[in-house]
Every structure is written in structure tokens, then in C-alpha cells.
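Please look over the sequence and the structure shown below before reading on.

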Protein chains: 2
Amino acid sequence: MTKGPLSGIRVVDLTRILAGPFSTQLLGDLGAEVIKVETPGQGDPIRGQGGMRDGFSYYFAGFNRNKQSITLNLRTDQGMAALRRLIATADVLVENYRPTVLEDMGLGFEALKKIKSDIIVCSISGYGKTGPYRDRPSFDFIAQAMSGFMSSTGFPDREPLRAGLPISDLVAGLYGALAISSALVRRERTGKPEQIDVALVDSILSFASYFGAAYFATGEQMGRCGNDHPVVAPYGLFHASDGAVAIAPSNDQIYKRLIDALDLNEAMDSPDFATNEMRMKNRDRVNALINERISQRPRAEWVERLNAAGVPCGLVMTYPEAFEDPQIRAREMVLKVEHPGHGPVEMIGFPMKLTEAQCELRLPAPELGADTSDVLASLGYSADEISELRNMKVV
Amino acid sequence: MTKGPLSGIRVVDLTRILAGPFSTQLLGDLGAEVIKVETPGQGDPIRGQGGMRDGFSYYFAGFNRNKQSITLNLRTDQGMAALRRLIATADVLVENYRPTVLEDMGLGFEALKKIKSDIIVCSISGYGKTGPYRDRPSFDFIAQAMSGFMSSTGFPDREPLRAGLPISDLVAGLYGALAISSALVRRERTGKPEQIDVALVDSILSFASYFGAAYFATGEQMGRCGNDHPVVAPYGLFHASDGAVAIAPSNDQIYKRLIDALDLNEAMDSPDFATNEMRMKNRDRVNALINERISQRPRAEWVERLNAAGVPCGLVMTYPEAFEDPQIRAREMVLKVEHPGHGPVEMIGFPMKLTEAQCELRLPAPELGADTSDVLASLGYSADEISELRNMKVV
């Protein structure tokens with residue numbers, strides 16, 4: 001048994017690339033047994049993508065820990081028969097094919113329930129299983145565009161901008177894992193199955209927050225404002241002698257603490273700066289005064305001094321800096337995992353800190369098909385049968 | 001009983017602003033009963049923030065549906081006594097105070113378990129309950145800076161950039177809800193309680209994806225590249241006659257489909273454009289050729305034509321456009337909710353589409369303290385006792 005809260009739950013994972021594998025990895029981190037089904041000889045395309053070292057993808061490693069890998073050619077009857085036997089032992093099935101593919105494979109919800117009456121099946125796709133765009137191809141970048149997200153991000157004088165990270169994939173993966181977990185709660189109580197449909201576009205649209213609320217309240221689209229706050233000044237990036245700091249004095253009380261800590265009471269003692277409204281009007285002058293003071297000392301000093309004064313302030317870190325940061329290290333947010341044949345591999349840790357039934361790293365990301373024989377044997381296949389499947393390239 | 005998968009689960013919600021309220025709203029959308037505890041006379045500060053209309057916050061409405069509100073002054077013995085009686089009836093407690101506050105209130109995990117032996121308590125904070133920065137104030141913007149996220153986003157010739165939306169708050173809210181749901185699965189099976197600690201910085205750090213993998217594999221920080229893809233060209237925003245389109249030909253096969261659909265085979269027939277590597281080197285010329293063709297027709301036409309050709313392509317939508325989009329409407333991603341006294345209020349719909357036990361909108365966001373009397377009565381307080389608590393301003 002694993003330690004995590006989903007210990008004893010078996011997940012069959014038909015996903016590839018990012019949103020689906022992230023979702024199933026979250027379930028695996030939480031203690032579920034995840035069996036990743038891949039195409040013989042090929043496998044998940046991200047096995048050959050992202051940060052590579054000596055032919056090994058650290059990108060794949062970071063999204064496929066706590067999983068086993070079996071190969072099955074699902075274009076063969078024998079491969080589909082093995083998949084059905086596997087599903088019969090599973091609690092959850094996750095897939096991110098195009099919307100009609102699972103049904104075309106004979107694994108629509110009604111068929112799945114005949115194989116396993118209380119199955120929870122989760123589909124993750126670009127636009128979802130319904131609606132006029134359901135058959136369109138999609139990627140994270142397209143979802144960032146279609147969801148309005150990009151219109152919120154960037155400078156007012158430049159074009160709308162995507163996040164540098166595939167946030168639509170990742171948020172959809174989180175929603176998938178949450179929907180699955182909540183369906184498992186219900187299944188424990190009622191024994192009932194569930195069918196879940198998560199779309200990248202819906203997922204990142206749900207983050208509209210104040211842009212959405214502003215539109216619904218006023219009919220207006222808020223403007224992009226770079227690192228500035230739309231309705232608070234000062235707020236944003238400021239430039240210390242050796243780099244940038246982020247400062248977020250979100251209300252008048254914290255603004256006063258900031259001006260005290262910067263010893264700027266005299267310089268800011270003008271009707272032009274007396275209220276947030278006036279400071280918004282004179283933002284350039286406010287920012288220039290603050291930057292002039294901030295530029296005199298190194299950034300680490302400001303982070304110490306301003307936080308001590310109760311002003312939220314942080315370094316604008318690169319990833320190399322973040323991964324070495326004492327807080328990130330204290331939170332064990334970087335894990336070093338021994339990968340047989342590839343040495344120790346670093347990856348992101350667990351953001352969910354449970355104390356009674358913790359997330360844990362049990363398995364490094366598997367080699368393609370590493371667990372095929374073991375899993376097939378556990379399903380009742382004999383050694384001869386497994387050999388024959390290998391000879392026929394079904395596995 | 002509610003329809004959703006968390007029907008029958010009661011959540012006591014001590015959170016305010018964004019990450020916590022988003023987390024508890026997710027649980028409420030999934031069918032949990034959420035009782036939001038607010039300070040008498042004040043309540044959650046976002047009741048007065050974000051998109052306002054006639055003194056009513058659409059921002060608050062969009063993050064507090066499916067909740068009841070009770071007021072309790074937790075600085076009084078009577079208020080704390082009522083909270084304890086409420087917790088004794090609850091399955092889950094969620095809070096986003098500074099790390100030591102809950103313990104200082106006498107509600108550490110050990111104390112909570114004495115009130116309710118199988119309680120699941122989830123704390124959401126800027127840096128988490130451990131580590132050297134645990135006592136620092138924090139906000140979403142600071143977490144975007146400290147987590148490395150900003151270093152991934154923006155143009156190479158401009159400073160690192162935050163997402164325009166409070167993504168650290170929202171991702172932390174999702175992790176909180178996921179950790180809670182998975183702990184509920186375990187509680188159903190074992191009867192055991194759980195204590196969960198989620199930090200904004202950890203949460204958004206976990207999205208490092210290819211930036212993280214590239215650093216772990218090579219020791220190098222990837223550069224910011226605006227809307228371009230770091231290793232694929234062409235890819236990004238292109239300018240139709242009436243606005244921008246996002247085009248994502250992520251591999252050679254899709255690139256060929258794009259060039260066919262644009263009728264650019266002749267123009268692109270040069271060794272300078274023969275491979276992705278060459279196109280990366282000559283990205284400016286590639287983009288100019290494509291833009292010249294794209295600029296000749298309106299954006300809706302390109303979206304139709306390119307998707308029909310199997311090339312992922314989407315409009316770069318504003319929120320007003322996204323909310324009117326036929327796909328978003330078909331997915332019911334905009335809900336119109338009758339708020340007594342405020343008319344119909346629009347808000348974002350449910351990105352988790354479950355078919356057997358669906359998310360549903362049962363309650364509009366509550367007026368401050370609207371459910372105080374009902375909830376106290378359900379805990380066994382008499383009408384006289386409730387009146388006295390009101391007179392003493394405990395509620």
C-alpha cells in the first residue's frame with residue numbers, strides 16, 4: 001500500500017503530452033497506482049522532448065513519476081482485449097484523445113460500465129466533447145488565446161501575450177484530478193460511476209477573475225497594464241542596485257508602511273500623492289521617486305527591510321534562483337530522484353503538503369513498457385501468452 | 001441533498017479574498033455545503049472590490065456562490081464557542097490566516113481533532129506553514145515573482161512580466177480543493193482526519209514545466225520569447241486584416257498543412273526555410289511571409305480554413321468576445337444568476353463537466369450574515385440566545 005490518500009485506487013492512463021499526464025501524475029503523487037498505456041516502439045511523444053540530457057527527457061521525467069508503463073497496440077484486437085482486462089481491474093480511466101476516439105474504440109461510457117460497473121472516466125481535450133469547435137485541433141497556446149487569458153497579460157503598448165508556461169494544460173490537469181477525486185468520494189458512498197469532460201479552454205477561462213467580473217459588471221474589458229496594478233499605485237516592479245524586486249502595497253495602510261520604510265515621507269508629502277487616486281494619475285512620478293530610492297541598495301536588503309515592515313515584497317527570481325531559494329528548499333519543492341541508467345534527476349516537488357497521508361515519490365518515470373510483463377501477468381496472462389503478444393508486436 | 005459528488009459534505013470556511021474562497025467555491029460547486037464565517041459588520045473585503053455595479057461586487061459574487069454566510073466575532077468567547085459547535089458538525093475546515101493564527105485561536109490540529117475526530121483542515125497561505133519566509137506577508141503578485149513564473153513570461157527585450165490574472169491564488173485554490181477531496185476519499189475508507197498546508201509560491205512553482213525541466217537538464221534558464229515558441233518556427237500571433245490569430249503548427253507535419261493552406265509552397269521553397277532549425281534562424285522572414293498572406297483576409301476566415309486543414313488556430317479574444325463565443329456558450333461557461341436585490345448577475349460557469357452528479361448553481365453569493373440565525377438554530381441555539389448574541393455584537 002502507498003502512503004497517500006488515494007492509496008488503493010488504480011488509474012488506467014491513456015494520455016500523452018501534458019494535460020492528461022499531469023492529471024494522472026497528481027493522482028499518483030496522492031497515492032494512486034497509475035498504469036500508463038503507450039504505443040509499442042513509440043510511447044508518449046514527450047519522451048523525446050523538453051529539457052534533454054544524454055537522450056533522456058527531464059520533461060517526461062517530471063510529468064510521469066509514480067507511474068508504471070505498459071505498451072499495448074490498441075489497433076489490434078489482442079491489444080484492445082488486454083486493455084479491457086486492465087480496465088476491469090481499475091477505478092479510473094483518463095484519456096485525452098480527440099472527442100470521438102474513445103467511442104470509436106468501443107469504449108464509450110455505456111461500454112465501459114459493462115466492463116467495470118463503477119468506473120470513473122475522465123476525458124481532457126482542447127474544447128471538450130460538446131459544442132461547435134469540439135473537433136478542432138487544439139494546443140495550450142490556442143486555449144490561452146481563445147479563453148481571453150492573453151488579453152489580460154502584457155503591456156498596454158504591446159500585443160496580448162501568452163504565459164510563458166503551458167498554463168491551460170496544467171489548469172485542465174488540475175481540474176481533471178479534482179473532478180476525479182470528488183467522483184471517488186461519491187463512489188465510496190454510493191458505488192456509482194462517473195463520466196467527466198474537461199476542456200483546456202473552459203479551464204483557463206475559469207481564471208478570468210477580476211477581468212471577468214469587471215466585464216459582467218460594466219460591459220467593459222479591463223486594459224492590460226504590464227506589472228502595474230490596474231487600480232493601485234504604487235505597485236509593481238522596482239529596480240534595486242542589482243536587480244528587480246516586486247512590491248505589492250495593496251492598500252493605504254501598507255502604502256504608508258512602504259513610504260516609512262523607504263524614508264520617503266518628505267518626498268511624497270504633496271497633494272499629488274495624497275490619495276491612491278492621485279498616485280494613479282501621477283504614477284510615473286511616484287514610480288520614479290520610489291525607484292530612485294530602491295536603486296541605492298541591493299535587492300536582498302529591500303526584501304528583508306520591506307517584509308520586516310509588513311510590506312509584501314519579493315525577488316523577481318529566475319528558475320535557477322527559485323530552485324536554490326531557502327524557502328523553496330525548506331518546502332522540499334525540488335526533489336532529486338534516482339533514475340536507473342540516468343543518474344539522479346531533479347524535478348518539482350509536491351505542492352500539497354498533507355501530514356497524515358503524504359504525497360511521496362515511489363517510482364521514477366518508467367522506461368517505455370517497463371511494466372508490461374508484470375501487469376499482464378497480474379491480469380492472468382501466462383508467460384507464453386505474453387511472449388506471443390511480444391512476437392506479434394501487440395506489446 | 002445536492003446533486004454534486006460532494007453532496008453531504010459540510011465545509012466551514014474561514015477564508016477571505018481569493019485563494020481560499022476559490023477553493024471552497026470549487027467544493028460548493030461540486031455539491032458540498034459551505035458555511036462562510038465572516039466578521040460582523042465587515043465581512044470579506046472583496047465584498048467591496050473588483051467589478052462593482054450599484055455598490056454590489058460581481059467579483060465577490062463570482063467567488064462565493066454556493067455558500068451560506070454567517071457572522072461570528074471570533075475575538076469573543078461566545079463567537080469562538082459557536083465556531084467550535086459549528087466545527088463539530090463539519091467535515092472540512094478551510095482557512096487562509098497567517099501561519100500561526102489558527103493555533104493562536106486554540107484551533108491547532110490536535111485541538112480540532114478533539115472537536116471533530118475525523119476533521120480535514122486545509123490552510124492556504126503565501127509561503128506555507130514552514131520555512132524561513134513563513135511569517136512574511138504575501139500576495140499573488142509576490143508569488144508570481146518569487147516562484148520564477150514571471151521570468152518565463154514577457155518579451156526578450158522587456159522586463160519579466162506577471163500574468164494579468166491572479167494565477168497563484170487560483171492555482172493554490174485548486175490544489176487546496178484537490179488535496180481536500182483526496183483526503184475525503186481516504187476518510188471514507190479509514191475514518192481518519194487530515195491536515196493540509198498549501199502555499200501560493202509552491203503552487204505556481206509547480207507549473208515550471210519546460211522551464212524547470214530545461215534547467216534541471218542543462219543548468220540553463222530558458223529565455224523569454226513573447227508569443228513565439230522557444231524551439232519551433234513559425235508559431236505565434238499573426239495579423240489578419242481585422243485582428244490577431246494564434247497559430248500553433250507544433251511539428252513538421254502541421255507546418256506543411258499550414259503552408260499548403262496558405263498557398264505558400266512556392267514562397268517557402270528555399271533552403272532557408274527547409275527545416276525547423278533553418279526557420280528558427282530566419283524567423284523574421286518566415287513570419288513576414290506568413291503575415292503578408294494572413295493580412296489579406298479577415299481573422300474568422302483563417303480560423304475556419306486553418307482548423308479545417310488540421311492546423312490549430314484560434315482568435316486572440318478579449319473577454320467580451322470569449323463570453324459571446326459559440327463554443328463558450330455551448331459549454332455553458334457563462335451563468336446568469338438571479339441575485340435578490342441585484343438582478344441577474346453573470347459569472348463564469350463550471351469547467352468540470354460531470355454527467356452523473358453534476359456541478360450546479362444552488363445559491364447565489366450570500367449577503368453578509370444572511371444565514372446566521374438559521375445556522376445557529378441548527379446548532380441548537382434558541383431564538384433568545386441568538387438575539388442575545390446579536391445584542392452583544394457577537395454575530
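Helices, with at least four residues, and strands, with at least two, are DSSP runs that are numbered from the N terminus. The model is a predicted one, and the points below describe what was computed from it.

**Chain A as a whole**

- The secondary structure of chain A comes to 18 helices and 14 strands, and its C-alpha trace spans about 85 × 50 × 40 Å along the principal axes.
- Chain A has 395 residues, of which 61% count as buried.
- When contacts in chain A between residues at least 6 apart in sequence are considered, 68% of them join residues that are at least 24 apart.

**Buried residues in chain A**

- Ile119(A) counts as buried because its relative accessibility is 0%, and buried means under 20%.
- Leaving aside residues up to four places away in sequence, Ile119(A) touches Ile87(A), Ala90(A), Asp91(A), Val92(A), Leu93(A), Phe109(A), Leu112(A), Lys113(A), Pro193(A) and Glu194(A).
- Although Ile119(A) and Val11(A) are 108 residues apart along the chain, their C-alpha atoms are separated by 10 Å.
- Thr24(A), which is found in helix H1 (residues 19-29) of chain A, is likewise buried, with a relative accessible area of 0%.
- With residues up to four places away in sequence not counted, Thr24(A) touches Val11(A), Asp13(A), Thr15(A), Val34(A), Lys67(A) and Val94(A).

**Helix H10 of chain A**

- Helix H10 (residues 209-218) of chain A is mostly covered, since 9 of its 10 residues are buried.
- The buried residues of H10(A) are Ser209(A), Tyr210(A), Phe211(A), Gly212(A), Ala213(A), Ala214(A), Tyr215(A), Phe216(A) and Ala217(A).
- Just after H10(A) comes Gly219(A), which takes a positive phi of about 80 degrees.

**A buried valine in chain B**

- Val121(B) has its place in strand E7 (residues 120-125) of chain B, and at 3% relative accessibility Val121(B) counts as buried.
- Apart from neighbours within four places in sequence, Val121(B) is in contact with Leu93(B), Leu102(B), Phe109(B), Leu112(B), Glu194(B), Gln195(B) and Ile196(B).
- Val121(B) and Gly108(B) are 13 residues apart in sequence, and from C-alpha to C-alpha they are 9.5 Å apart in space.

**Charged pairs and a charged patch**

- Side chains of opposite charge can pair when their charged atoms come close.
- Over all chains, the count comes to 53 salt bridges.
- Glu33(B) forms a salt bridge with Arg10(B), in which the closest N and O atoms are 3.0 Å apart.
- Because Glu33(B) lies in strand E2 (residues 33-38) of chain B and Arg10(B) in strand E1 (residues 10-13) of chain B, this pair ties together parts that are 23 residues apart in sequence.
- Within this pair, Glu33(B) counts as partly exposed at 31% relative accessibility, whereas Arg10(B) counts as buried at 14%.
- The side chains of Asp91(B) and Arg187(B) also meet in a salt bridge, at 2.8 Å from N to O.
- This pair links distant parts of the chain, 96 residues apart, with Asp91(B) in the loop between helix H3 (77-87) and strand E6 (92-95) of chain B and Arg187(B) in helix H8 (residues 167-190) of chain B.
- Both Asp91(B) and Arg187(B) are buried.
- A network of salt bridges links Asp91(A), Lys116(A), Asp118(A), Arg187(A), Glu188(A) and Arg189(B).
- Asp260(A), Asp263(A), Glu266(A) and Asp269(A) form a negative surface patch, and Asp260(A) lies in helix H11 (residues 252-261) of chain A.

Terms used. Residues are numbered from 1 along each chain as its sequence is written. Chains are lettered from A and ligands numbered from 1 in the order in which they are written. This is a predicted model: local features need pLDDT of at least 70, side-chain atom pairs count only at pLDDT 80 or more; totals for chains, interfaces and linings use all residues. Side-chain values use heavy atoms; hydrogens and water are left out. Buried means under 20% relative accessible area, exposed over 50%, partly exposed in between (1.4 Å probe, protein chains only). Contact means heavy atoms within 4.5 Å. Patches are made of residues with over 30% relative accessible area and no salt bridge: like charges are joined within 9 Å, nonpolar side chains (Val, Leu, Ile, Met, Phe, Trp, Tyr) within 5 Å. Accessible areas come from the Shrake-Rupley method with a 1.4 Å probe; for residues, only the protein chains shown count as cover. A salt bridge is a side-chain nitrogen of Lys or Arg within 4 Å of a carboxyl oxygen of Asp or Glu. Lys and Arg count as positive and Asp and Glu as negative; His and the chain ends are not counted. The place of a charge is taken as NZ of Lys, CZ of Arg, CG of Asp or CD of Glu.
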